[in-house]
Amino acid sequence: LAMDNSGNIGMGYSYTDSSGGTPVQPSLRFTGRLAADPPGTMTQGETTLIAGSGVQTGSNRWGDYAAMGVDPVDECTFWFTGEYMIGGNAWATRIGSFSLPSCVPVPVELLEFKVE
């Protein structure tokens, strides 16, 4: 989870489903909520960043390498990275970005950069 400069929340996560119907292999998804939305809700819909195409065997660990952050340049862009299955028993890392509609980017001229 991360929060942009407008108070919106972005959430990225690993997703899999084998409960019935067509199984979903370990994949990456994201969603969000606007600052004015009711607490406890993610109102911005679920989007698949990358669909997995394999299954993990021989290990009971998953998702050790994932992160969500907000871009310090515009303070609106969420960056998410995580692992997903690419086939067989192999995984890969994907990096993706998204922003929520009500965020107003910080004007570049207001940003202060320091080089030492």
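I looked up the burial of the two cysteines, C76 and C103, in this predicted model. C76 is buried, and C103 is buried as well. I take buried as under 20% relative accessible area, exposed as over 50%, and partly exposed as in between, with a 1.4 Å probe and protein chains only.

Ground rules for my notes: this is a predicted model, so local features need pLDDT of at least 70, side-chain atom pairs count only at pLDDT 80 or more, and totals for chains, interfaces and linings use all residues. Residues are numbered from 1 along each chain as its sequence is written, and side-chain values use heavy atoms, with hydrogens and water left out.

Next, the disulfide. I found one in the structure. C76 and C103 form it, with their sulfur atoms 1.9 Å apart; the cut-off for a disulfide is a pair of cysteine sulfur atoms within 2.5 Å. The angle about the S-S bond is -80 degrees, and the link is left-handed. C76 lies in the loop between strand 5 and strand 6, C103 in the segment after strand 7, and 27 residues separate them. Strands here are DSSP runs of E, at least two residues, and helices are runs of H or I, at least four, numbered from the N terminus.

I then checked E75. E75 sits in the loop between strand 5 and strand 6. E75 has a positive phi of about 55 degrees, yet is not a glycine. E75 is partly exposed, with a relative accessible area of 30%.

Three strands form an open sheet in the order 5-6-7, with antiparallel pairing; two strands pair if DSSP finds at least two bridges between them. Strand 5 (67-70) and strand 7 (90-98) are at the edges with a single partner strand each, so one side of each has no neighbour in the sheet. Four bridges join strand 5 to strand 6 (residues 78-87).

Last, the core. The largest nonpolar core has twelve residues, among them F78, F80, Y84, F98 and L100. A nonpolar core is a set of buried Ala, Val, Leu, Ile, Met, Phe, Trp, Tyr and Cys residues joined through side-chain atoms within 4.5 Å. Strand 6 gives the largest share of this core, three residues. I also listed contacts (heavy atoms within 4.5 Å) for L100. Leaving out residues up to four places away in sequence, L100 touches N8, I9, G32, R33, L34, Q44 and F78.
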